[in-house]
Amino acid sequence: MFGAIAARTERVGLVTGVTCPTVRYHPAIIAQAAATLAIVSDGRFTLGVGAGERLNEHVVGQGFPSVRGRHERLREALEIIRLLWQGGYQSYEGKHLHLEDAQCSTCPTSRR
């Protein structure tokens, strides 16, 4: 939907609700989608992220981490997203999240 809105408008800002880049979706998937939308919208896209809430995230059956665990995962997810937005192939080994030889095929020009 964001892609269609970006294609048909020139000034409308696009922003997600709070996205949890750690449980349902790996941060590499979020990084690629956000980077693509940033390019398609000519920089009008903003990615909102958060640590998640049990109501939405427990459904994948992996249990639900403590507040501290969610914040650790969020920090690692943001490190992965920023790393991928630097371009090239990247790997990451965190306490909770891992990435092996991944790259974004498009990178946003602005990384707020």
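This is a predicted model: local features need pLDDT of at least 70, side-chain atom pairs count only at pLDDT 80 or more; totals for chains, interfaces and linings use all residues.
In helix H2, the buried residues are Pro27, Ala28, Ile30, Ala31, Gln32, Ala34, Ala35, Leu37 and Ala38. H2 covers residues 27-40, which is 14 residues, and at 1.5 Å a residue it should span 20 Å; the C-alpha atoms at its ends are 20 Å apart, so the two values agree.

Helix H4 can be treated in the same manner. Its 18 residues should span 26 Å at 1.5 Å a residue, and the 26 Å between its end C-alpha atoms agrees with this. The buried residues in H4 are Gly69, Arg70, Glu72, Leu74, Glu76, Ala77, Ile80, Ile81, Leu83 and Leu84. Their cover includes H2, strand E3 (90-93) and E4.

In soluble globular proteins, nonpolar side chains tend to be buried together. The largest nonpolar core here has 20 residues, and those touching the most other members are Ala31, Ile80, Leu84, Trp85 and Leu99. Which elements give two or more residues to this core? They are H2, H4 and E4. H2 gives the most, with six residues. Leu84 can be followed in detail: leaving out residues up to four places away in sequence, Leu84 touches Ala28, Ala31, Gln90, Leu99, Ala102, Gln103, Cys104 and Cys107.

Ser41 is located in the loop between H2 and E2. Is Ser41 buried or exposed? Its relative accessibility is 0%, so Ser41 counts as buried. Apart from neighbours within four places in sequence, Ser41 is in contact with Ala6 and Leu14. Asp42 belongs to the loop between H2 and E2 as well. Asp42 is exposed, because its relative accessible area is 71% and the limit for exposed is over 50%.

The backbone at Asp42 deserves a look. Most residues other than glycine have a negative phi. Asp42 has a positive phi, near 55°, and is not a glycine. Asp101 also has a positive phi, near 45°. Asp101 is found in strand E4.

Val49 is in the loop between E2 and helix H3 (54-57). Val49 has 29% relative accessibility, so it counts as partly exposed. With residues up to four places away in sequence not counted, Val49 touches Val18, Thr19, Pro21, Leu74 and Leu78. Val49 and Ile39 are ten residues apart in sequence, and their C-alpha atoms are 19 Å apart in space.

Now for charged side chains. Side chains of opposite charge can pair when their charged atoms come close. How many salt bridges does a search of the whole structure find? The search finds two. One joins the side chains of Glu72 and Arg68, at 3.3 Å from N to O. Both residues lie in helix H4, four residues apart, which is about one turn of the helix. An α-helix has 3.6 residues a turn, so residues three or four places apart point the same way. Glu72 counts as buried because its relative accessibility is 12%, whereas Arg68, at a relative accessible area of 65%, is exposed.

Another salt bridge is formed by the side chains of Lys95 and Glu72, at 3.4 Å from N to O. Lys95 is in the loop between E3 and E4 while Glu72 is in helix H4, so this pair ties together parts that are 23 residues apart in sequence. Lys95 counts as exposed, at 63% relative accessibility. Salt bridges with shared partners join Arg68, Glu72 and Lys95 into one network.

The last stop is the surface. Met1, Ile5 and Val12 form a nonpolar patch there, with about 310 Å² of accessible area together. Met1 lies in the segment before H1, and at 78% relative accessibility Met1 counts as exposed. Arg11 is in the loop between H1 and strand E1 (14-15). With 80% relative accessibility, Arg11 counts as exposed. Arg11 and Glu93 are 82 residues apart along the chain, and 39 Å separates their C-alpha atoms.

Conventions: Residues are numbered from 1 along each chain as its sequence is written. Side-chain values use heavy atoms; hydrogens and water are left out. The expected span of a helix is 1.5 Å times one less than its number of residues. Buried means under 20% relative accessible area, exposed over 50%, partly exposed in between (1.4 Å probe, protein chains only). Contact means heavy atoms within 4.5 Å. Patches are made of residues with over 30% relative accessible area and no salt bridge: like charges are joined within 9 Å, nonpolar side chains (Val, Leu, Ile, Met, Phe, Trp, Tyr) within 5 Å. Accessible areas come from the Shrake-Rupley method with a 1.4 Å probe; for residues, only the protein chains shown count as cover. A salt bridge is a side-chain nitrogen of Lys or Arg within 4 Å of a carboxyl oxygen of Asp or Glu. A nonpolar core is a set of buried Ala, Val, Leu, Ile, Met, Phe, Trp, Tyr and Cys residues joined through side-chain atoms within 4.5 Å.
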